[in-house]
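Welcome, and thanks for taking a look at this one with us.

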Amino acid sequence: MELSPAARRLLALMTDPAAEYPATWPGRAELGPHDLGALLPFAYRAPATPAGTSARFMVEDEARERQPAFTPGSCAELFAALVDGLATREWADLHLGAASLVRCPDGPPLAALAAPARTLVRFLLDAGRTDQPYALLAVAGLAGCDGRGDDGLDAEVTGTIEAGRGPIGADELRLLAGWDAGRRALFLETLRNRSFGSPPPLPGVWERLADIPGYTAFARAALETAAARVAAIHAGEIPYRADRAFEASETEALGRAVRLALARDEEWLPGLLTPLLTGVAVAPGTARTLPSQALLYEIARAVEDFPTPEAVTALRAARGATRHAGVPKQLDRMLKRIDRALADRVEVAFRMPDLGFGPGGVLRVPAGEHTGVITIGDDVELTWQRGEKRFRSVPAAVRRDHPGEVKHLREQVQQVRRQLTTLVRALEGGYPGETVHPYARWRAEIAGHPITGTVADRLIWEFEHSPGRWRSMMGAEPRDAAGEPVSAPPPDTPVRLWHPARAPLAEVTAWRDRVTGERIRQPFKQAFREVYLLTPAEEAARFHSARFAAHVVAYRTLYALFRQRGWTSSMLGPWDDGGEDEARRVLAGGRWRVSLLHSYLYGETEDRAVTGRVRFHRKVSGEWREAPLPEVPPLVFSEAMRDVDLFVALTSIATDPAWTGDDDGHRDYRHAASSAPLSPSAEVRRDALARLLPRTAIAGRCTLTDRHLVVRGDLRTYRIHLGSANVLMEPGDVYLCVVAAPAAGKGLFLPFEDDGRLALILSKAFLLAHDTDITDESILRQIKG
């Protein structure tokens, strides 16, 4: 196959030791999949010259991000390069060689690969290099493909790598040993720890693996064995050793078994997964350890790849059962990513048992003369009833005579809370993917369900009443923003969550009026959700946004927020390669990716960083390709920029109320932030305040301007910035350092779960409106100074 001009230039740089470093390099986008497959053998052999090394890195970097394609010739050339490299490297990247076998559309030249396969396997075995066990097994499967036999290599490899694998790992290995080289190479695509030079896993690999006879049966048997072992540990039949219930190879095999079962949505899995997870998360007795932290996290990673509601509920049960101090924090971070991923599996995302609840989310359980009542509203509440009397605490007679019912109801409260948390996060996480449901299914499984309906009832939905035209509604008996009844559409009509980015301003205003007027507390910010539209400057820049660039932030807090919001990032710091990184988040079911550049600020007294550009990539044929901003779907863009705005709002040093330094070089930055134009999140805050303040006791002392809430006290007048929440005193715009009491404004209705900034502004307003009642001397000195 003929190479592109860009590939020919790179080939010349990697084959000519005298090649000079070029003034310009070919664009990465000019390289096609077959170009990469043809260039990889030469990258493996590239001379250690500036030009050759740089060309090699370009090819290898692209191959790791994209899916190379091989011809029979380039596949054979790669194996020849691996053999040639043994002389200098004393090692070979067998993962890369095996990857070429399943990326050769015309089929790999098996007979031509047999001899180099024998050479590679024999060399690594003699050198004791078995650090690529499954890749070694895959390449060993080629050794007899030329009809000359494999000289016993296959059996020798199996015997060598079987030692210390544990029963479950050994069972998997024996199954693989009965497969041919192609199936073994396909299995390698499922491994988390492949070589650094490996391309991304093939799409659909789990479905292809499930089609291989025997593997699905192994997956079920392996999980049954694991569950039985954990049960035996808790029964005292197997001695307990913290974190030693499973060998490392068994943990990896069980992770693959769970992924396969989740990908196929096997009906037998929930019955195995729940006792396995809760058993593996807590030690027998009272110890604060657990049988296998590694398996718990491996299963959580599997659920992130293929989430189901039952698996998420089982993880939350394990999180509640564990006594280990650090495990809940780690699981919480993982569960937030899992909940967002669940929204993209529309076919299973909202599957939930009713647990015996009746219409309106109420469950009644008799307990003697009393009745336990679980009610689902803004929260899940357990109360007790006897005749007309209701009790919040458990009556003494019930506690004495019906302890089983009390325990069961309390467990149900926790289970419902876990399920509702999963549901709410999955619904919100579906925004970037624009998840759509047929009306009949939405009505039966979401709006009409006794549990999920309590959430759906407080959200705004919309249905397509004519091509491209949508009508919004809310409630089990749907009504529009004006409170008028909405007629039910036909059963197959598409229904989706309403988003203000898709609605006209008048409709957004009407819904905000209704939500605040009827005191509807939404499960997540929807009516008041921020909208981020593409600006002319971003259209002109084409491939990046600088909207949130050049903000000085508290780095440790930023890094924690990355993890909390499902972004991946390498830690920055004063070490090699610690100066800059791009944090990334994948959205819309893996179709889009956003990245935020940020750089470490050396020489600071505290760990700080500065934010940079935001870019977007689209996945095309398994490869990430940078996309112009005008081509990014509006909801993907808006939801990604909402995250970035949140990062800046919560980590900027301009919003740190404890910051008092005037000599750290950032005073001008902070002063500018105190009067900066409002971001979309601050605009939403202003809109909410405009509706909430007239209902408060301090309404007569407050005025909203374009950027500030102006509060008239008896001692001074104060301007609270709606973005940073910083306070300036008049006259003279004097900065006031004040941390308001949490109780200020307590009990005030908010129509959505706040990130803390709206509540902070309100608490400062309540405090400063009555400044003569302030007793804190540090605040009074500033006011009177």
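Helix α12 (residues 215-234) and helix α14 (residues 269-280) cross at roughly 35 degrees, with their axes coming within 9 Å. Please keep in mind that this is a predicted model. The notes below start with that helix pair and then move on to the cores and a loop.

**The helix pair**
- The crossing of α12 and α14 is left-handed.
- On the α12 side, the contact is made by Arg 220, Leu 223, Glu 224, Ala 226, Ala 227, Val 230 and His 234.
- Helix α14 contributes Leu 269, Leu 272, Leu 276, Gly 279 and Val 280.

**The nonpolar cores**
- The largest nonpolar core holds 155 residues.
- Leu 223, Phe 246, Leu 296, Leu 315, Leu 427 and Trp 461 have the most contacts inside that core.
- Beyond its neighbours within four places in sequence, Phe 246 is in contact with Ile 168, Ala 226, Arg 229, Val 230, Thr 251, Leu 254, Val 280, Ser 292 and Leu 295.
- Another core lies apart from the largest one and has 44 residues, among them Ile 520, Val 711, Leu 736 and Val 738.

**A buried loop residue**
- Thr 493 sits in the loop between β7 (469-474) and β8 (494-497).
- Its relative accessible area is 7%, so Thr 493 counts as buried, the cut-off being under 20%.
- Setting aside residues up to four places away in sequence, Thr 493 touches His 437, Pro 438, Tyr 439, Phe 463 and Glu 464.

Methods. Residues are numbered from 1 along each chain as its sequence is written. This is a predicted model: local features need pLDDT of at least 70, side-chain atom pairs count only at pLDDT 80 or more; totals for chains, interfaces and linings use all residues. Side-chain values use heavy atoms; hydrogens and water are left out. A nonpolar core is a set of buried Ala, Val, Leu, Ile, Met, Phe, Trp, Tyr and Cys residues joined through side-chain atoms within 4.5 Å. Buried means under 20% relative accessible area, exposed over 50%, partly exposed in between (1.4 Å probe, protein chains only). Contact means heavy atoms within 4.5 Å. Helices (H or I, at least four residues) and strands (E, at least two) are DSSP runs, numbered from the N terminus. Axes are lines fitted to C-alpha atoms, for helices over the stretch in contact, and angles run from 0 to 180 degrees between N-to-C directions. A crossing is left-handed if the near helix is turned anticlockwise from the far one by less than a right angle, and right-handed if clockwise.
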